[in-house]
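This briefing covers the sheet, the helices packed on it and the nonpolar cores. Please read it alongside the structure shown here.

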Amino acid sequence: MALVTNLGAKKPVVIFSKSSCSMCHSIKTLISSYGVNATVYEIDEHPKGQQMERELKMLDSSRPSVPAVFIGHELVGGPDEIMSLQLKGKLVDLLKKANAIWV
């Protein structure tokens, strides 16, 4: 799990995604709509993508491996968790706390 957790800790917002995943696209669009410049790893196009996917599954085997969103160097989760934060009005606060946005 070292690869994924190390990559997830490098920037305020890191998204692990697949280029053909519509939910991944939706989550990336939502987060970028706040002006966040997230680091995105398209695991289906990355040379170490298979390793990343295995590690993401090990972090949370109860859900699909992507999208997986790290905010503030912590795995927040996938689309259910991100949308829940959004609906509760907590996503922006979390992004601010991670210094991903300054507004």
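**Sheet and cores in a predicted model**

Strands β3 and β4 run antiparallel and are joined by three bridges. Two strands count as paired if DSSP finds at least two bridges between them; helices (H or I, at least four residues) and strands (E, at least two) are DSSP runs, numbered from the N terminus. This is a predicted model, in which local features need pLDDT of at least 70 and side-chain atom pairs count only at pLDDT 80 or more, while totals for chains, interfaces and linings use all residues. Residues are numbered from 1 along each chain as its sequence is written, and side-chain values use heavy atoms, with hydrogens and water left out.

**Sheet**

- The four strands form an open sheet in the order β2-β1-β3-β4, with mixed pairing.
- Its edge strands, each pairing on one side only, are β2 (39-42) and β4 (74-77).
- On average, neighbouring strands of this sheet are turned by 25 degrees against each other, direction ignored.
- β1 (residues 13-17) runs parallel to β2, and four bridges join them; here Ile15 stands opposite Val40.
- β1 also pairs with β3 over four bridges, in the antiparallel sense, with Val14 opposite Phe70.
- β3 and β4 form a hairpin with two residues between them, and Gly72 in the turn has a positive phi of about 65 degrees.
- β3 is covered on both faces: Ala68 and Phe70 are buried on one side, Val69 and Ile71 on the other. Buried means under 20% relative accessible area, exposed over 50% and partly exposed in between (1.4 Å probe, protein chains only).

**Helix α2 and Lys28**

- Helix α2 (residues 22-32) lies across β1, β2 and β3 (68-71), and runs at about 165 degrees to β1. Axes are lines fitted to C-alpha atoms, for helices over the stretch in contact, and angles run from 0 to 180 degrees between N-to-C directions.
- Lys28 is found in α2 and is buried, with a relative accessible area of 18%.
- The side chain of Lys28 makes a polar contact with that of Glu42 (2.6 Å). Such a contact is a pair of N or O atoms within 3.5 Å; within protein, one must be able to donate a hydrogen and the other to accept it, and residues adjacent in sequence count only if both atoms are side-chain atoms.
- Leaving out residues up to four places away in sequence, Lys28 touches Ile15, Ser17, Val40 and Glu42; contact means heavy atoms within 4.5 Å.

**Nonpolar cores**

- The largest nonpolar core has 15 residues, and Val13, Ile71 and Leu95 have the most contacts inside it. A nonpolar core is a set of buried Ala, Val, Leu, Ile, Met, Phe, Trp, Tyr and Cys residues joined through side-chain atoms within 4.5 Å.
- Two or more residues of this core come from each of β1, α2, β3, α4 (79-87) and α5 (91-97), and α2 gives the largest share, three residues.
- A second, separate core of 14 residues includes Leu3, Phe16, Cys24 and Val66.

**Helix α4**

- Pro79, Ile82 and Leu85 are the buried residues named in α4. They cover an arc of only 135 degrees around the axis, so they lie on the same side of α4; the arc is that of the directions from the helix axis to the C-beta atoms.
- The face turned away from the buried side of α4 carries the exposed residues Asp80 and Leu87.
- The cover over the buried residues of α4 includes α2, β3, β4 and α5.
- Gly89, which follows α4, has a positive phi near 75 degrees.
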